[in-house]
Amino acid sequence: MIPYDQLFKVNLPYQANFEQAFRDFLGKGWYIMGEGLKQFESEFANYHGSKNAIGVANGLDALILAIKVLHLPVGSEIIVPSNTYIASILAIIHAGHTPVLVEPNIHTYNIDPVLIEAAITPATKAILVVHLYGKCCDMDAINQIAQKHGLAVIEDCAQAHDARYKGRLAGTLGDLSGFSFYPSKNLGALGDAGAILTNQDAYATALRSMRNYGSHQKYQNDQVGFNSRLDELQAIFLSVKLPFLASITTHKRSLAKLYLAHLKSDFILPVVEEGYEDVYHIFNIRHPRRDALKAYLLENGVGTEIHYPIAPNHQKALAPWLEGVSFPISEEIHATTLSLPCSSCHEPDNIYRVIELMNAF
Ligand SMILES: *Cc1c(COP(=O)(O)O)cnc(C)c1O
């Protein structure tokens, strides 16, 4: 069996380091917002050449807080891609604003800058871009539109650790960015965790307070804050893994390259473009008989996933915002996309086997 992913195996190389880090943690007896969190925040900021990293509880909270710290007028509209994971859209709603869905480009699966401009109204205050599957959005075009209309730009980097656009890392291409370290992400913790990056110190100061009950000083609460701290233990585990992010990226890229070189042309492959260094958080292909292909691969011992089976505009939870609107490009992607094994737990042999089976489909 070639499973889609196997997190035990993904984390096996770091086990001894995790155990040592855990023993140190036990010895210190400091469980929340300790030295481990400070250290990871500083390492994560340095990795990106960003001035500030703020650890939070998870990726959804990272996005909610990044939006809230902008203090946009109540009911502002925020543009978001129509084919994203639901968390990006939920973040806008939880922050008290209105999501305005914009279709992706059918080749890149990322929000189409041409369509963004048509969706802007006087209420539009921000664009939440999502670097889906580990490919950056066309940020020059998006930032140009944002500048022209005075909009903030937030990046959802949950699938884009280490991805680059014109040489620059995802997470440094807008005003603020939100990361998830959910265990299956390219940089995954051993539980829930997230972070925000920003070069603006005023946002960073406000966010450090917001994630901790609106308090800078114990028992002095200046704003209506949250409890959304990045757990100390997860922070020290993330510090163990961060130095290996580059090798995780290299490994995933080398597997993706095999698919790109050897899959037959019946399958629509991810595009490879000049100026984009993709990290293949998800390696997806598209095929008109996707469900039959998925069943065939499973019969032959290959696990696959669908990211995602239901388009956001068909989600019951989002009906009050999206009732009756249609998103044909997004729906086409949802109906035909299939995610193939492409994890740090896989070896080239596994990928050659998947390719062989697929080319015989
Ligand atoms: C995983 C993910 C999130 C949410 O992250 P959590 O840590 O699970 O809250 C947000 N956006 C995208 C695109 C994701 O893939």
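1. In this note, two residues are in contact when heavy atoms of theirs lie within 4.5 Å. The structure under discussion is a predicted model. By that criterion, 39 residues of domain 1 are in contact with 35 residues of domain 2.

2. Division of the protein. Domain 1 comprises residues 7–102 together with 109–242, and domain 2 covers 244–359. Taken over C-alpha atoms, the centres of domain 1 and domain 2 are separated by 24 Å.

3. Buried area. The size of an interface is often expressed as the accessible area lost when the parts come together. For domain 1 and domain 2 this amounts to about 3,200 Å², and carbon and sulfur atoms account for 61% of it. On the side of domain 1, the residues that lose the most area to domain 2 are Tyr109, Tyr133 and Asn186. Together these three contribute 24% of what that side buries.

4. Which residue forms a salt bridge with Lys135? The partner is Glu273, and the closest N and O atoms of the pair are 3.4 Å apart. The count of salt bridges between domain 1 and domain 2 is two.

5. Elements on the domain 1 side. At least two residues each of the side that touches domain 2 are supplied by helix H1 (7–11), helix H5 (86–94), strand E3 (98–102), strand E6 (164–165) and helix H9 (232–241). H5 gives the most to this side, with four residues. By residue class, the side of domain 1 that touches domain 2 divides into 20 nonpolar, 11 polar and eight charged residues.

6. Strands of a sheet pair through backbone hydrogen bonds, in either the parallel or the antiparallel sense. Here, three strands form an open sheet in the order E7-E6-E12, and the pairing is antiparallel. Strand E7 (168–169) and strand E12 (276–277) are the edge strands, each pairing on one side only. The antiparallel pairing of E6 with E12 extends over two bridges. Tyr165 stands opposite Tyr276, a residue of E12.

7. A cis peptide bond. Where is the cis bond located? It joins His307 and Tyr308, with omega of about 10°. Tyr308 belongs to the loop between helix H11 (290–299) and helix H12 (319–322).

8. A positive phi angle. Met33 is not a glycine, yet its phi is positive, at about 50°. Met33 is located in the loop between helix H2 (15–28) and helix H3 (35–48).

Definitions and conventions. Residues are numbered from 1 along each chain as its sequence is written. This is a predicted model: local features need pLDDT of at least 70, side-chain atom pairs count only at pLDDT 80 or more; totals for chains, interfaces and linings use all residues. Side-chain values use heavy atoms; hydrogens and water are left out. Domain bounds come from an automatic or database domain assignment. Buried area is the accessible area (1.4 Å probe) that two parts lose on being put together, summed over both. A salt bridge is a side-chain nitrogen of Lys or Arg within 4 Å of a carboxyl oxygen of Asp or Glu. Ala, Val, Leu, Ile, Met, Phe, Trp, Tyr, Cys and Pro count as nonpolar, Asp, Glu, Lys and Arg as charged, and the others, Gly among them, as polar. Two strands pair if DSSP finds at least two bridges between them.
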